[in-house]
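User: I'd like to go through some labels on this model and see what backs each one up. Can you set the values against the cut-offs for me?

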Amino acid sequence: MQGQTILVVDYGSQYTQLISRRVRENNSYCEVILPSKLNNFKDFNNVIGIILSGGPNSTVNDDSNDLPNSIFEADLPILGICFGMQLICKKFGGTVKGSSSREYGRAELEIIKENKIFENVNKFVEVWMSHGDSVTKISDDFDVIASTKTKSLSAVKMKNKEVYGIQFHPEVTHTLDNGKIIYNFVNKICNSKSEWTTKNIITQQISSIQDKVKEDNVILGLSGGVDSSVAAGILHKAIENQLTCIFIDNGLLRLNEKEQVMQSFKDFNNIKILYVDSSNLFLDRLKGVFDPEEKRKIIGKTFIDVFQSEAKRINNVKWLAQGTIYPDVIESAASSKNAHLIKSHHNVGGLPKEMNLKLVEPLRELFKDEVRKLGIELGIKKELINRHPFPGPGLAVRILGEVKKEYADLLREADNIFINMLHEKNMYEQISQAFTVFMPVKSVGVTGDGRSYGNVLSLRAVKTIDFMTAKPFNFPFDFLEEVSSRIINEVPGISRVCLDISSKPPATIEWE
Ligand code: XMP
């Protein structure tokens with residue numbers, strides 16, 4: 001659907017997604033591809049440039065990642081970052097060596113030859129290095145354009161082509177170029193038309209959905225999370241009442257979740273949201289089940305049962321819409337184990353084949369921040385768009401062991417107090433994910449003149465970029481005291497509040 005494409009070739013760098021996000025921030029569409037696809041770069045739509053990522057491999061004694069001649073013959077702008085630079089230099093007869101003087105961390109770069117990629121970057125600039133191998137010799141096809149004190153070959157340019165190699169990482173914020181290097185590559189070297197804007201994405205996506213779906217009906221599992229909500233929003237704009245959203249209440253949602261979801265779509269005229277209260281069915285099936293994975297499986301299976309039986313009641317359904325987003329696609333392609341595990345639990349991706357529905361995934365090409373911008377532009381309420389992630393199995397993974405309605409009710413109340421207080425104190429947006437966890441253990445307290453004997457609750461709040469690693473949020477103590485006292489006073493049945501200060505790893509963000 002996009003006009004111009006920049007290809008980001010993933011050699012396994014931890015920063016590949018970051019590179020593509022930086023390109024997108026410059027309003028240019030890019031796609032992450034595996035090195036094996038590079039040979040067929042012409043299959044992609046209107047490629048205007050290629051970025052080769054870094055990676056953990058070595059080019060020393062290993063030619064398996066040799067670059068195809070065709071990308072150089074096509075005269076495309078190419079930027080090799082770290083490992084990518086080593087590949088380019090080696091391709092043209094340069095030498096790469098595993099050196100004893102690794103560069104890791106901050107380094108001062110000196111730009112020694114003016115050129116487009118460093119336009120408006122200071123002559124001396126702090127950059128982020130992370131490499132063991134180094135290019136030690138370049139062929140006559142190249143000029144050195146920047147060096148550090150320890151390495152003379154920190155950036156090179158091919159003499160007669162827009163082919164660049166840089167040893168440091170311009171995509172990370174520790175490189176203090178204010179984003180100019182990627183900006184220059186995208187805008188000044190690839191001459192991007194900057195067409196990848198929220199408005200354009202919406203227009204293009206609407207016509208592509210209409211072309212695909214035609215007169216058929218579409219169903220979508222609405223969870224109240226950002227992705228499925230934005231998917232619903234864009235589909236509704238495209239096909240209006242051909243879309244039916246099925247919102248299943250599993251009894252494990254947050255307080256007032258149904259009302260909030262309905263409220264978020266208030267301005268979407270005639271959007272069909274079928275609210276199905278299946279809480280009794282879910283809670284019945286969870287009776288006596290203690291094991292976290294078994295709880296997840298039961299919830300997943302019950303979700304499918306309910307979804308299937310509801311879908312049967314809608315005529316002429318040919319399509320299932322999903323809120324799959326780009327990181328899911330990249331991670332699945334890279335076979336990231338974690339991504340698979342998490343996805344299989346919450347998306348309706350697990351729906352049985354015999355439903356025979358074709359997939360429509362309008363957010364497949366978008367990063368989370370782009371999805372959020374799209375949601376706001378579509379008119380979905382900000383409160384929903386900026387919500388922290390909530391797991392598919394809901395409160396079931398936050399009630400340790402057996403799930404009971406009375407536990408879920410207590411947890412909902414306590415969680416609501418915690419989250420509201422985070423909003424009141426302007427902390428919510430500084431935190432990536434915050435929630436409370438219910439422990440089925442009892443502890444003694446005094447309330448008024450009496451003895452109480454209630455359950456224990458933990459607060460959990462983390463900061464993270466990618467949810468693969470996370471750090472506990474550093475709360476002011478006064479705030480913690482206030483939350484604790486409000487929860488204990490306002491939620492009878494809770495007698496003690498603790499704080500979870502574990503990092504991930506070794507802990508996970510959720511408790512189960
Ligand atoms: P963990 O607990 O693995 O969580 O550190 C990482 C992120 O994934 C979410 N999560 C889930 N999401 N179904 C989901 O849809 C699940 O079963 C599930 N388990 C964890 C978690 O909330 C966090 O954002």
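User: What makes you say that the charged end of lysine 157 sits over the ring of tyrosine 164?

Analyst: First, a word on the source: this is a predicted model, where local features need pLDDT of at least 70 and side-chain atom pairs count only at pLDDT 80 or more, while totals for chains, interfaces and linings use all residues. Residues are numbered from 1 along each chain as its sequence is written, and side-chain values use heavy atoms, with hydrogens and water left out. Now the label: a charge sits over a ring if NZ of Lys or CZ of Arg is within 6 Å of the ring centre and within 35 degrees of the ring normal. The charged end of lysine 157 is 5.6 Å from the centre of the tyrosine 164 ring, so the pair gets the label. Lysine 258 lies over the face of tyrosine 275 too, at 4.3 Å from the ring centre.

User: Why are phenylalanine 303 and phenylalanine 307 called stacked?

Analyst: Rings of Phe, Tyr and Trp (its six-membered ring) pair if their centres lie within 6.5 Å; planes under 30 degrees apart count as stacked, over 60 as edge-to-face and the rest as tilted. By this rule there are 13 aromatic pairs. In this one, the centres are 5.8 Å apart with 20° between the planes, so it is stacked. The two are four residues apart in helix α9 (residues 292-311), about one helical turn.

User: What makes lysine 295 and glutamate 512 a salt bridge?

Analyst: The term asks for a side-chain nitrogen of Lys or Arg within 4 Å of a carboxyl oxygen of Asp or Glu. Here N to O is 2.6 Å, so the pair qualifies. It links distant parts of the chain, with lysine 295 in helix α9 and glutamate 512 in the segment after β18 (494-499), 217 residues apart. Both lysine 295 and glutamate 512 are buried.

User: How do you know that the buried residues of α12 line one face of the helix?

Analyst: The buried residues of helix α12 (residues 368-378) are Glu370, Val371, Leu374, Gly375 and Leu378. Seen down the axis, they fall within an arc of 140° (taken from the directions from the helix axis to the C-beta atoms), so they line one face.

Methods:
Buried means under 20% relative accessible area, exposed over 50%, partly exposed in between (1.4 Å probe, protein chains only).
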